[in-house]
Each structure stands twice: as C-alpha cells, then as structure tokens.
Amino acid sequence: MRSRGKLFLVAFLARILFSLSAGFFASPESGGPFNYPDENAYREHAQSLLDRGEFAQGPPDHALRTSRPPLYPFFLAGCQAAFGPHRLAWIVPQAILGALSCLLLLAIGSNLGLRGAGNVAAWGMALYPPL
C-alpha cells in the first residue's frame, strides 16, 4: 500500500475509533454521550432541515435561524437522509472528510516544496482525530 493509502486508512480508522469511543464518555451537562460544544448545534440544524425543512436550531417557536453557516448542516442532513438516523450516518462521512483533509495537507506540503514537513504535519493530523 502506498504512503497516501496508509495515511488515509490510519486517519480514517483513528477518527472512527475516536468518535465511537467518545460515546462511552458522558458529558457533565447532559449526562449523554460526549460531544464537542458545537456538535449538537450542527445536529440540531440538520434535524430541523429534515423535520421542518427550515434552517433553524431549537424548538420552532424559539428557533435561532442564523447561528451557523449552512453548508455543513445540509451535509449532515443529507447523510442522515441517505443512511438513516443512526450515529454512524454522520460519523463515517465525517471520518472520510477528516482523512481526506490529511491527504490535502500532505499535498500542500509537497506543492510548497516541503515534502518532509507536509508528511510530518499530515501524519500528526492523522493521529490526532479532533482535527
């Protein structure tokens, strides 16, 4: 397997494992699975798009309509519409995007003539799933 393939695979698996293991931790505020602060907001926007057809967060009568940029919630809504309301419906596509970001970082380093630095940065990003 070529270096880029290994990088993609390691980055993808690291993100999948990180996301799945995060479900075992409870957040102090909600008592539910661990989420980053903005993660729930993006999911609420995506759910609003699916349920009500509007880009909003919160209940319909008190909805915030402009707290987030629209592209990512549309992406999440599309993933959920295509793959169902399961947690993996957004974890796998996000892991793919994260792994592709590592390849992009490698390509940027190579194009700048800094192949070694790009390689180190890409592998660092691959092994640090929150990025």
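Biologist: Is the crossing of α4 and α5 left-handed or right-handed?

Modeller: Bear in mind that this is a predicted model. In it, α4 and α5 (residues 115-126) pack with their axes 7 Å apart. Their crossing is right-handed.

Biologist: And how are α4 and α5 oriented to each other?

Modeller: The angle between α4 and α5 is about 165°. Angles over 145 degrees count as roughly antiparallel. So the word for α4 and α5 is roughly antiparallel.

Biologist: Which residues of α5 meet α4?

Modeller: On the α4 side, the contact uses S101, C102, L105, L106, G109 and S110. By class, the contact of α4 with α5 has seven nonpolar, five polar and one charged residues. The α5 residues are R115, G118, N119, A121, A122, M125 and A126.

Biologist: Let's turn to the other pair. Are α2 and α3 oblique or roughly perpendicular to each other?

Modeller: Helix α2 covers residues 39-51 and helix α3 covers residues 71-83, and they pack at about 60° with axes 8 Å apart. Roughly perpendicular would need 65 to 115 degrees. The α2 and α3 pair is therefore oblique.

Biologist: How many residues in the contact of α2 with α3 are nonpolar?

Modeller: The crossing of α2 and α3 is right-handed. From α2 come Y42, R43, H45, A46, Q47, L49 and L50, and from α3 come Y72, P73, F74, L76, A77, Q80 and A81. Three residues of this contact are polar and one is charged, while the nonpolar ones number 10.

Biologist: Which residues of α2 are buried?

Modeller: Buried here means under 20% relative accessible area. What covers the buried residues of α2 includes α3 and α4 (88-111). The buried residues themselves are E39, A41, Y42, R43, H45, A46, S48 and L49.

Biologist: How far apart are the end C-alpha atoms of α2?

Modeller: Helix α2 has 13 residues, so at 1.5 Å a residue it should span 18 Å. The model agrees with that, as the end C-alpha atoms of α2 are separated by 18 Å.

Biologist: Which residue with a positive phi follows α2?

Modeller: Its phi is near 70°. The residue that follows α2 is G53.

Biologist: Last one: is R15 buried or exposed?

Modeller: R15 sits in helix α1 (residues 3-22). Leaving out residues up to four places away in sequence, R15 touches A95, G98, A99, C102, M125, A126, Y128, P129 and L131. Its relative accessibility is 5%, so R15 counts as buried.

Note on methods:
Residues are numbered from 1 along each chain as its sequence is written. This is a predicted model: local features need pLDDT of at least 70, side-chain atom pairs count only at pLDDT 80 or more; totals for chains, interfaces and linings use all residues. Side-chain values use heavy atoms; hydrogens and water are left out. Axes are lines fitted to C-alpha atoms, for helices over the stretch in contact, and angles run from 0 to 180 degrees between N-to-C directions. Helices (H or I, at least four residues) and strands (E, at least two) are DSSP runs, numbered from the N terminus. Angles under 35 degrees count as roughly parallel, over 145 as roughly antiparallel, 65 to 115 as roughly perpendicular and the rest as oblique. A crossing is left-handed if the near helix is turned anticlockwise from the far one by less than a right angle, and right-handed if clockwise. Contact means heavy atoms within 4.5 Å. Ala, Val, Leu, Ile, Met, Phe, Trp, Tyr, Cys and Pro count as nonpolar, Asp, Glu, Lys and Arg as charged, and the others, Gly among them, as polar. The expected span of a helix is 1.5 Å times one less than its number of residues. Buried means under 20% relative accessible area, exposed over 50%, partly exposed in between (1.4 Å probe, protein chains only).
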